[in-house]
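I opened the notebook to record what I looked up in this structure. Entries follow in the order I made them.

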Amino acid sequence: TPRHLECTIEVPETVNVSLWQTPPGDPNWAVYTEWPHTSLTHSAHKNLALHRVLRYTLTLNITRWFNDSGGVNTRTERIEQYSFVYNESSPELAFVAPPGGNCSNVSCFFARERIRSGEYVSATVFATNVAGDAVNASYALRFVAVPTIDMQFEYVEVYNTSNLPQAQLSWVAPSESGYGDDYSLKIINYRLEIARCDTFEGNITAGIMPCYIVDVTLPVPDGEYVSGPNGTSVWVPFEYPMRYNITVDQHEGFPYWYRLTPTNFWGRSVKSFVQQIDFVQIPVSVGVTDYPPTMPVPIAIVDASTLHVWVGDAFSTDIFMHVSGFPQIREIGNLLNTFTVNNWTAVPAPNLVSSNVPAGLTIRMDPPHPPTDVFASCPTPCIGSGSFQAALMPARTATYSFSYFEYPSIVVSFVSPTFGPLNGGNTIQITINDFSGPQTRQGAGRPNIPDAFSRGGAEIWFNLDGNRLNATEVVIEELAQISTAVATSTNARSFLMTIVTPTSPSSASGVATMEVVIDGTSMPVIVTGASMDFEYVGASLLFSTPASGRLN
């Protein structure tokens, strides 16, 4: 009798499923699933057995919990299935994979992209043959990421106990702390970096040194104990925002760069929050030189080495200058200073007196002294202009100007008599004009006619044939009527000098030039409408009789 053989075909073996995600800092967020072919799957394919695996089915369950805009906790769930179909025509074990998947003769692989942080992902794989589905195999994870950098960074300036400005920073947890929200995965710490330049670390190869002023890691506290009732201690959990007071010395008016980097259990954020902020912001880029109050500043050239700087009714040999709206200069080397007059350029060397924004910058400086030829060819008024510049902030500038001049000379406007020969004992009257007040020799305390009128001390000398002859009986009186030669000046004064001419030695004759001397100083004189030259007439032999011969 024929024998009937019966066999039982069992479902496939359970496969081992692996599930993993991209690194937390990888911006291409995805989860990956992989499972190997079992040894029975290989042998069944090799022998074309009825129990060979005909299909793998991958089921992804993607679940998300989040708080919606109304503060309500909401749950969403997505179920996705992907089939990997056995390829009967392939001599090697092979399966046709869906998009995102790939199979070799060793294993099958699938990548699910665009997973969001905080989503729970479970992967279930079961194999199917003619007998049915195998016992499924599952693996689950919660997709995690490093933090984002939207921390609502805020910068304010407060005044410390010394009444000086101080920067204060604050921020909250990023909207993405790692699990798709700002609380499920704790931020462990924040790295705060503050620098004077945007490179922070610098570049030694390029010769750029690090410019940090702060580099600190700030742990996020869990909370603290505070005093409770009846001497007890109460634990208060930490709540954002975090705050940080900058205690290092910052230069007012200068820019600083702030970099904040959050870190969770898995690592630091992919990027850092960076912002540039001026410490004590100056609203203008060009400062104002507001002292001295008048520009250009009048500067008298006294001699080859002396200058008089006039501010109001007073003068000095140097100048104090104040600039408002200028960055705080702590070291004079950070202040660039140039000056030009009549195409001549100088680099003044100021001394720093103080620098405190918003009060500004105060310096003391010796004004540049233009060479004689430069001043001689300079148009009137002789204006020189200079500029300050913050070395670390080239756009921050301020300008100033000087007006160079010489003290006005004495002006002789009238001499009486106007002509005729002179000899010893003649009386001459001279209308002489000089100036008093600011920006004059009298104001500067140098020899001048007004002071000589007040206390005496004026001398008149006649220069004749190599001899200097001192006039006698010099009398000075001030005139109420200002000479028309100097009437345009508000500082002008006119005087009448009456002198008696000296006697020429040996009755010498010739042209003598008059010289005005005050306190031993010969004064420069401008002559208008008169002459300062006088002809002396002495004795001379006209004839003798006899014209020649021997006398006894």
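I started with strand β33 (residues 427–435) and strand β37 (residues 492–500), which pair in the antiparallel sense over nine bridges. Strands here are DSSP E runs of at least two residues, helices H or I runs of at least four, numbered from the N terminus. Two strands pair if DSSP finds at least two bridges between them. Thr427 stands opposite Val500 in β37.

I then checked what I was reading. This is a predicted model, where local features need pLDDT of at least 70 and side-chain atom pairs count only at pLDDT 80 or more, while totals for chains, interfaces and linings use all residues. Residues are numbered from 1 along each chain as its sequence is written, and side-chain values use heavy atoms, with hydrogens and water left out.

Next came confidence. pLDDT is the predictor's confidence in each residue, from 0 to 100. I noted a chain mean of 90, with 96% of residues at 70 or more.

I found an open sheet of five strands, ordered β36-β37-β33-β32-β40, with mixed pairing. β36 (472–479) and β40 (525–527) are its edges; each has a single partner strand, so one side of each lacks a neighbour in the sheet. Neighbouring strands of this sheet are turned by 30° against each other on average, direction ignored. The axes behind such angles are lines fitted to C-alpha atoms, for helices over the stretch in contact, and angles run from 0 to 180 degrees between N-to-C directions.

I looked up another open sheet. Its four strands run in the order β21-β25-β29-β28, with antiparallel pairing. Which strands stand at the edges? β21 (288–291) and β28 (351–356) do, each with a single partner strand. Here neighbouring strands are turned by 25° on average, direction ignored. β21 and strand β25 (residues 319–324) pair over three bridges. Val288 stands opposite Ser324 in β25.

Last, I turned to two loops. Val130 sits between β8 (120–129) and β9 (132–133). Val130 counts as exposed because its relative accessibility is 57%. The cut-offs are under 20% relative accessible area for buried, over 50% for exposed, and partly exposed in between (1.4 Å probe, protein chains only). Asn163 lies in the loop between β11 (154–159) and β12 (165–171). At 58% relative accessibility, Asn163 is also exposed. I compared Asn163 with Ile430: they are 267 residues apart in sequence and 66 Å apart in space, C-alpha to C-alpha.
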